[in-house]
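Here is a short note for a first look at this structure.

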Amino acid sequence: MNKQRFLKAILLTQTLALLAYTYFAFQNEGANLLQIFLQNIKSLNWNGQFNLDFLCYLILSGLWIMWRNKFSTKSIALGLVATTLGTIVFAPYILLLMFQESGDIKKVLTGDR
């Protein structure tokens, strides 16, 4: 299997797995994610450390989406959604870019810069 097919498979698997996990988490916990997320950060334990680290990743991924698309209105909206929803948005976005850019990873990462 070539590297691009492998990456596409990972992105698709991550998206589907997180969608399923999110469904079950919502069924068990409800829509109270933000309160739980912030409580963990306030607790100053490893759960909080992980959540803060993950939040930093989410912000960076959202900023990258915006930067790649030259801070257009659409990219700002998509970046904010990706910052909120994480890999459920980010992985399909990368997958879409791989198809649009015919697998050219440099173009996937930088766009037309």
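Is arginine 68 buried or exposed? Arginine 68 counts as buried, because its relative accessibility is 6% (buried is under 20% relative accessible area, exposed over 50%, partly exposed in between; 1.4 Å probe, protein chains only).

1. Basis. This is a predicted model, where local features need pLDDT of at least 70, side-chain atom pairs count only at pLDDT 80 or more, and totals for chains, interfaces and linings use all residues. Residues are numbered from 1 along each chain as its sequence is written, and side-chain values use heavy atoms, with hydrogens and water left out.

2. Salt bridges. The count is two (a side-chain nitrogen of Lys or Arg within 4 Å of a carboxyl oxygen of Asp or Glu). Arginine 68 pairs with glutamate 101 at 3.2 Å, N to O. Arginine 68 sits in helix α3, and glutamate 101 in the loop between α5 and α6 (105-110), 33 residues apart (helices are DSSP runs of H or I, at least four residues, numbered from the N terminus). Glutamate 101 is partly exposed, at 21% relative accessibility.

3. The other pair. Aspartate 112 forms a salt bridge with lysine 70, with the closest N and O atoms 3.2 Å apart. Aspartate 112 lies in the segment after α6, lysine 70 in the loop between α3 and α4, 42 residues apart. Aspartate 112 is exposed, at 61% relative accessible area. Lysine 70 counts as partly exposed, at 48% relative accessibility.

4. Phenylalanine 71. This residue is also found in the loop between α3 and α4. Phenylalanine 71 counts as partly exposed, because its relative accessibility is 44%.

Note on methods
Helices (H or I, at least four residues) and strands (E, at least two) are DSSP runs, numbered from the N terminus.
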